[in-house]
Each structure stands twice: as structure tokens, then as C-alpha cells.
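Visitor: I am new to this structure and would like to go through it with you. Could you show it to me?

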Amino acid sequence: MDFGLSEEQQQLKESARAFLSGECPTTFVRKIMATDDGYPRELYAQIAKLGWSGLVVPEKFGGAGLGMLDMAMILEEGGYAAMPGPFLFSSVLAASVLKLGGSEQLNSKWLTALAEGKAIGTVAVVERAGSIDPVDIAAVATKDGAGWRLNGTKMFVPYANVADFIVVAAKSDAGEIFLFVVDAKAPGVTIRLLKNLDLTRRVSSVELKGAPAERLGGGTDLFAKLIDVAAVAVAADSLGGTERALEMAVEYSKVREQFGKPIGSFQALKHAAAEIVADLEPARAMLWYAAYAQDTGAADASRTAAMAKARLCDIYSRGTDRAVLMHGGIGFTWEHDMHLWFKRARFNESCFGSPAYHRERVAILGAY
Amino acid sequence: MDLQFTSEEEAFRLKVRGWFAENMPTSGLSADSEGRDDKTWLARAKVWQRRLYDAGYVALAWPKEYGGQALDPVRQSIVNDEMVRAKAPYLVGGLGLMMLGPTLISWGSEEQKQRYLPKILTAEEIWCQGYSEPGAGSDLASLKTRAEIVGDEFVVNGQKVWTSGAQYADMMFCLVRTDPEAPKHRGISYMLIDMHAPGITVRPLVQMTGDRGFNEVFFDNVHVPRKNLVAKLNEGWIVANATLFHERNMLGSASGSEQRFNRLLALAKSIKRGGRPLTEDPVFRQRLVELEIRVEAMRYHAIRQLTDQIRGKNPGVEAMINKLVGTELNHDLASAAMEAMGDYSMLSRDDEAVLDHGYWPYEWMFSLGLVIGGGTSHIQKNIIAERGLKMPKSR
Ligand SMILES: Cc1cc2nc3c(=O)[nH]c(=O)nc-3n(C[C@H](O)[C@H](O)[C@H](O)COP(=O)(O)OP(=O)(O)OC[C@H]3O[C@@H](n4cnc5c(N)ncnc54)[C@H](O)[C@@H]3O)c2cc1C
Ligand SMILES: Cc1cc2nc3c(=O)[nH]c(=O)nc-3n(C[C@H](O)[C@H](O)[C@H](O)COP(=O)(O)OP(=O)(O)OC[C@H]3O[C@@H](n4cnc5c(N)ncnc54)[C@H](O)[C@@H]3O)c2cc1C
């Protein structure tokens, strides 16, 4: 019985904190926010050298072969720094589904390149209905010789604008859901960048007109696994983001004075901050378990992933909202950094299933 | 990370489970403090704790020389889980076991440990907590009960209030003012007072539940030997806080919440509204899941702290939230159950039509008492902000 981070995990987290505070301060984040594609190439080259890109990629494809709990350390720090770019979608989500469902040949191409930092992948699930529920997926896959062709329009696809390959959820003639890998430069793929609210991220629509694709093994199970991994990953990012917002609000409350004293001495602010901590700490333990359950394949892995996603996204949205309030007028400016996390929280909340959607999954999986 | 219990621990769990299956008292004692008014309750409750102790299931982590077994905290947590699972009766010596005992182990003199600890385990001496006073609740350090040194004794005068279990306690761990001139935190001492001593009057107070749970305790020239002082004179505040730390962890314990949630879910499944079970009402269903998620998070939070304890890590802000989160959660669970019962929530537990054996009306009220007792939620938030987040003090 040892429910805590290992020495290595703690070190990974600390080194990620140190690296990102040096290389990815908010001045840097803002520079990337102002670019068209939102993709910090030099930072990502360094990340690849650190071994983060291939952290969960098996060793035979050039990765470190580590698990979700290890990855959660980096994701949490990425959230803390509001790190821009496709990391979560490429090195966590695309990497995880390829690892499980990709052919040897496909993986030696994409997974290897991904681990080396030479390729970016992403995942495309949601369509115009704005939902990850399989019922709301209409994209169709048709058999074409040895391969497949995809038709449909995907929405809100993270970083499709810079991706080399896209993992697409589509249905076979029989209505069964599968994941397919599409080359982003292939004929029949049209990518249009959407105008994002959270500028630490980019999303696009992806139109597929007979785009050639390769099917991943695993069907419905792999799709479910993708949602689970996404839930845990987004939850980990949210944990770090909430920590940062709380830290900023608390630090500000110690230096800003009104009525002749620091505003942090007013109970309204103390209680607001204490409530965030009281929500956050138990959720942290839950996230650890959810990531660990992904690694061990525990029977309750899906259910806990859904719990962690619902809970941490709720906490992140509420926490950043209160943190803006604790700053007063300055928190409402573009110049102040608070709105980076405020908006990122809302992105996380909707991305890969709302808290209400995941709560419903918890109910179904728990036979309510 | 490893969530597996060792095979010895699993075997231990099965042994404990088996013991509870065979030894649970069949009537007259329950998991909450229900029935404490009954004259024969005390005797039966003491017998129950003694049986548990003889079986080796009380205070497993205490040092051997004081009657413990010096086992690691995992064994204790297994026993706690199994007690909850078996719906084992409330331990009448709980305050001694969970609050005073650990305090004495850290702060007591050797003589005090030998004199008091073994009898806490066997329920031969039942303890109560004399902290709150009419003028000193949240602001505990403003307490006024006075202890003056006369020869080798203290003479105590004053009043305590809300003293749980004083009506049957043999001893009280008590905060008294020994230096009225010093700043308020520096003139307090921590002492152990015999509740049978002359000059002590206990006046019961009836709680909103209708039960006699707490009391007023009056001290009129009560003589207390000097050797009953814990730690140094006027240095009682730090000892008081050690006890509060144990109290808050006890009150915020996650182990009961899971059982309560399961009970709430079963209740919601059994209630039909508009022709379908309440669990299929989309709004109530979401509410249930939110509660379950909070319960689960607290469960993992507790295991995390158990690991920290084994690893020898000092508790930080994560321990400061236990009381706030645990008691609010338990009260929210009970409030949801009351809402689920609809009109049936009008009934007291004594009506034969009451749902779920009348568990919830009592639990709903009692759980709010715990949001207040041991330092209210407001005070917990002040502590989290000031000590945990280092936000500036108001004063
Ligand atoms: C969109 C917008 C438009 C505005 N337009 C105008 C305008 O046209 N003209 C104008 O004059 N002003 C304007 N303001 C300024 C606005 O009135 C102030 O921002 C507001 O009064 C808060 O003051 P502050 O920003 O100095 O924050 P602070 O006073 O520093 O407050 C910071 C935090 O401390 C809290 N706090 C402070 N004192 C206490 C206390 N005693 N008890 C509890 N909590 C406390 C606050 O609630 C807040 O959470 C505008 C602000 C915004 C956001
Ligand atoms: C069921 C139960 C059992 C108890 N058992 C015991 C026992 O065995 N021994 C014992 O010594 N005591 C016991 N108590 C007493 C308990 O510790 C006190 O009731 C509690 O600390 C609150 O003190 P008070 O009742 O004087 O309320 P007050 O301190 O008067 O508080 C009234 C309200 O003001 C708020 N408040 C006060 N100060 C602040 C502040 N600084 N900031 C924000 N809000 C504030 C409180 O949160 C509360 O809402 C028990 C209480 C209950 C309910």
C-alpha cells in the first residue's frame, strides 16, 4: 500500500516546473498567442529532447515507455504554465491510441516521428453536434481496397492546422465506430482554422471528402479508451491550471492594499481561496488514481476517468472565475495574465465531454 | 504507486471481517450515538469496547508499553474500514482513543501515559473534552475558566459548555487559564480533571435531535493535583492544538461517507417519482453523481494521507481541509437523502412510516452538529487560508 508519487515522478514534476518557468513564462505564452498557428516550434524541439514527446511511446518506437501517471506530472505542469501547442493532443492522445491500435508499420512511421518530435498528431471526434457521444458521430468510413475512405466534417479539432496526421472517429456501414489515421496533407482533407477564445490553444474544422485512411484496431473499445485517456489528460491540465490561478490570487491578495490593509486579510477572499484548496486537494488524489487506473487497466478505470474529468473541470472553471474576482479590476484586463487560465478552464471543460456528460457516464457505469 | 494490500494485510482484513460477523452486538447499540439516554447503554457500550480491545482491534498503532500493538497505520485503517462496513457500534471511549490518547503519547509525562492510556483502551475510564465556554467558542483562546495554584494543587473555578459525554465521563481533558495577565494564548494550561471530584456539577443540555448529547459543566473550587498538568504551565495552547488536529481528522474521516452514499443511492433507487425511480430523474441523478465523486475523492485523499504518514511526511495544507470537507460532505449526503424522501422527510425517526429505518432524520441533524463542533467550517476556512496559504491575519 503506497498511494503517492514515486521519487522519479516527483523529480519529473519538479524538472517540468523548472523547465517551463524558464522557457515558457507568460511573456512567451503571449507571444505564441499572437501567432497564427499557435505552435511554439522551438519549445517543442526542446520538449522532444527532454523526452516528453515520446514519454508514453513504447521504447521500440523510440519512446520512454512510461505511463499515464508519469505523463500526468507533465500535463499538470503544462496546465500550470498554460503551455501552448498540441502536446496533450499529440503526445498523449494520438500517441496512446496508436500505441494500442496501430499496425507495426503505421507505428514505426508515426509513433517514431512523434517521439522524435518530427511529427504532430491530433484526434478528431466531435462534429457539428458538438458532442463526443458516439450517437452524434456521422462521419462515414467506406472500404476501398486494402484501405478506407472517409467522408464527413469534424469540428473543434485541436491543432489540426499544424498536424501531420489526424486520428478520426468514423462509422462503418454497419454503424460501428472505429478510429482511422489520415495524413493531414492527403487529398480530400480540408482544414480551416477556427477563431478560438482560449488563445493558448487552436482548433480547426476538418472536412473529409473521400480522404484515404488506415483503420486502427480495437473499434469501440479503442474509442472508449481514447475518451478515458483524454478525460484524465484534460483533468491533469486542469489540476495544474487551478493551482496556478489560486497561487496568483493568493499572492496578489498579500500585496494589494485597500482600506489600509492587504485585501488577503479580508475574510471574503480567505474563504474563497480556502474553498478552492478544499476542492482541489481531494481531486488531486482522485486524479492520481484515475491515471494509475489507466496504467493498470483497473476495472473502474473508465468510471474514475469520468469522475476526474467532471470534478477537475468544474473546479478549474469555478476556481479561475473566483481568482479573477479576487483580483478586482486588474484581473479584467487583457494585460493581466489571469484571463489565460480563465479561458483555458472553459476550453478544458467543454473539450472531450462536459462535466454533466461525464457524470452521466459515471451513473451508467455505476448502474444507478 | 501501489494500491495492493500485502497478502498478510488481506488475511488480516478477512480475519477482522470474520470477527465482526460473529461478534456484533445484536441489539441496543448502534453506529451513531443514538440511545445514549438509556441507563443501561453505558454499561453495554463499555463491554463492547472492551471486547473489541481484547480481540486486538483498538488503537493498534499505539506503543506496546501502553497497551497498544505498535502496528503500522495500514492495520488500523483496515480495522476502521471493517468497523464501518459492519456498521459496528459507536465507541464510547472514542474521545480518549482518538483525541486524548495520541496527545498524551506526544505530550504526556511517562507517569501520565502509564496511568491513563491503558484505561482509555479498555473503556475503564471515559473521557470528555472541556474546551468550549459560554464566552469562548470559535475564539477558544479567550477562555476564562480559572485554575490557581494552591500548594501542590490547582483550584479550578468556572464553566464549560457543549461538553459531549460529560454526563457519563470519568475524566475531562480541560483547558484552563493559569495566567490572566499574559496574552490570551500564553496563559492557558492543559489539565486532566477527575469528573467525580467534589465541586463539579454536570447539567445536561438537550440537542436539537432530542437526545442528551452535550452538557454544561460547572467548577466550584475543584481541586486538581499538579501532576495532572500536561506539558508545562501556561504552555497548554500548543497541546490543545495537537488534540484539535486529531479531533479534526477524526471528524473529517472519509470512512463513513462511502457507506452513507451507498445508503443514499439505495434509497433513491427505491423511491418512485412520476412513475420512475428517483435515480432516473436527470437532475437528481446528476446530484447523486456529484456527491459520489466528492466521496470518492475524499477516499483517495485519505489513502494519500495514510501513505504520507507511513512515509513520515509532515502533514500540510491537505490535512487542514479534512474537517471542513468531510463534515460538509456528510451533511450534504444527509440533506440529499432528506430531499429524496420528499414528504416522508417530515417524519421523525419514531414514526412507523419513516423510510430507511429512520436513519436520515437523525443523521441530517447530527451531521450539522459536526459541521459546528470541533471548530466551525468558517473557522476551518480561516485556518486553511492563514496557516495553509499564509494569507494575512485579519487582526
Ligand atoms: C468592466 C469594468 C468597468 C469599469 N468601469 C469603471 C468606470 O467607468 N469608472 C470607474 O471609476 N471605475 C470603473 N471600474 C472599476 C471598478 O469600480 C473597480 O474595479 C472595483 O470597484 C474594484 O476595485 P479594484 O479594481 O481596485 O479592486 P480592489 O478594490 O483592489 O479589490 C480586489 C479584491 O479585493 C476585494 N476586496 C476589496 N476590499 C474588500 C473588503 N473590504 N472586503 C472584502 N473584499 C474586499 C474585492 O472584492 C476584490 O475581489 C470598472 C471595472 C470593470 C471591471
Ligand atoms: C454537537 C456538538 C458537540 C460539541 N462537543 C463539544 C465538546 O465535547 N467539547 C467542547 O469543548 N466543545 C464542544 N462543542 C462546541 C464547539 O466546539 C463550538 O460550538 C464551536 O467551536 C463554535 O463555538 P460557539 O458555539 O461558541 O459559536 P461561536 O463561536 O459563537 O460562532 C457563531 C458563528 O460565528 C462564526 N464565527 C465566529 N468567529 C468567526 C470568525 N473569526 N470568522 C468567521 N466566522 C466566525 C461561527 O462560524 C458561527 O457560525 C460541540 C458543539 C457541537 C455542535
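Visitor: Is B:Glu133 buried or exposed?
Guide: In this predicted model, B:Glu133 counts as buried, at 6% relative accessibility. Buried means under 20% relative accessible area, exposed over 50% and partly exposed in between, with a 1.4 Å probe and protein chains only.

Visitor: Before we go on, how are residues numbered and what is left out?
Guide: Residues are numbered from 1 along each chain as its sequence is written, chains are lettered from A and ligands numbered from 1 in the order in which they are written, and side-chain values use heavy atoms, with hydrogens and water left out. As this is a predicted model, local features need pLDDT of at least 70 and side-chain atom pairs count only at pLDDT 80 or more, while totals for chains, interfaces and linings use all residues.

Visitor: Back to B:Glu133: where is its place?
Guide: B:Glu133 is in the loop between β1 (127-130) and β2 (146-150) of chain B. Helices (H or I, at least four residues) and strands (E, at least two) are DSSP runs, numbered from the N terminus.

Visitor: What does its side chain reach?
Guide: The side chain of B:Glu133 reaches the backbone nitrogen of B:Lys144 at 2.7 Å. Leaving aside residues up to four places away in sequence, B:Glu133 touches several residues, among them B:Leu143, B:Gln159 and B:Leu175. Contact here means heavy atoms within 4.5 Å.

Visitor: Changing topic, which domains is chain B divided into?
Guide: Chain B is divided into domain 1 (7-92), domain 2 (128-234) and domain 3 (252-388). These bounds come from an automatic or database domain assignment. The C-alpha centres of domain 1 and domain 2 of chain B lie 29 Å apart.

Visitor: And how many residues of chain A are in contact with chain B?
Guide: On the side of chain A there are 47 residues, in contact with 44 residues of chain B. The two chains bury about 4,200 Å² between them, 64% of it on carbon and sulfur atoms. Buried area is the accessible area (1.4 Å probe) that two parts lose on being put together, summed over both.

Visitor: Which three residues supply more of the area that chain A buries than any other three?
Guide: They are A:Met1, A:Phe3 and A:Tyr368, which supply 23% of the area that chain A buries against chain B.

Visitor: How many salt bridges are there across the interface?
Guide: The rule finds 7 salt bridges between chain A and chain B. A salt bridge is a side-chain nitrogen of Lys or Arg within 4 Å of a carboxyl oxygen of Asp or Glu. A:Glu275 forms one with B:Lys381, and the closest N and O atoms are 2.7 Å apart.

Visitor: Which elements give two or more residues to that side of chain A?
Guide: They are α7 (219-255), α8 (267-296), α9 (301-327) and α11 (355-365) of chain A. The largest share, 18 residues, comes from α8(A).

Visitor: How many salt bridges over all chains?
Guide: By this rule the count comes to 51. One of them joins the side chains of A:Arg284 and A:Glu76, at 3.3 Å from N to O. A:Arg284 lies in helix α8 of chain A and A:Glu76 in helix α4 (residues 68-81) of chain A, so the pair ties together parts that are 208 residues apart in sequence. Both A:Arg284 and A:Glu76 are buried.

Visitor: What about A:Asp237, with which residue does it form a salt bridge?
Guide: A:Asp237 forms a salt bridge with A:Arg201, the closest N and O atoms being 3.6 Å apart. The pair links distant parts of the chain, with A:Asp237 in helix α7 of chain A and A:Arg201 in the loop between β6 (189-193) and β7 (203-215) of chain A, 36 residues apart. A:Asp237 is buried at a relative accessible area of 3%, and A:Arg201 counts as buried at 3% relative accessibility.

Visitor: And B:Asp332, buried or partly exposed?
Guide: B:Asp332 counts as partly exposed, at 28% relative accessibility. B:Asp332 forms a salt bridge with B:Arg294, with 3.0 Å between the closest N and O atoms.

Visitor: Last topic: what is phi of B:Ala70?
Guide: Phi of B:Ala70 is near 50 degrees, a positive value in a residue other than glycine. Most residues other than glycine have a negative phi. B:Ala70 is in the loop between α2 (41-54) and α3 (73-85) of chain B.

Conventions: Polar contact = N/O pair within 3.5 Å; in protein donor to acceptor, adjacent residues only side chain to side chain.
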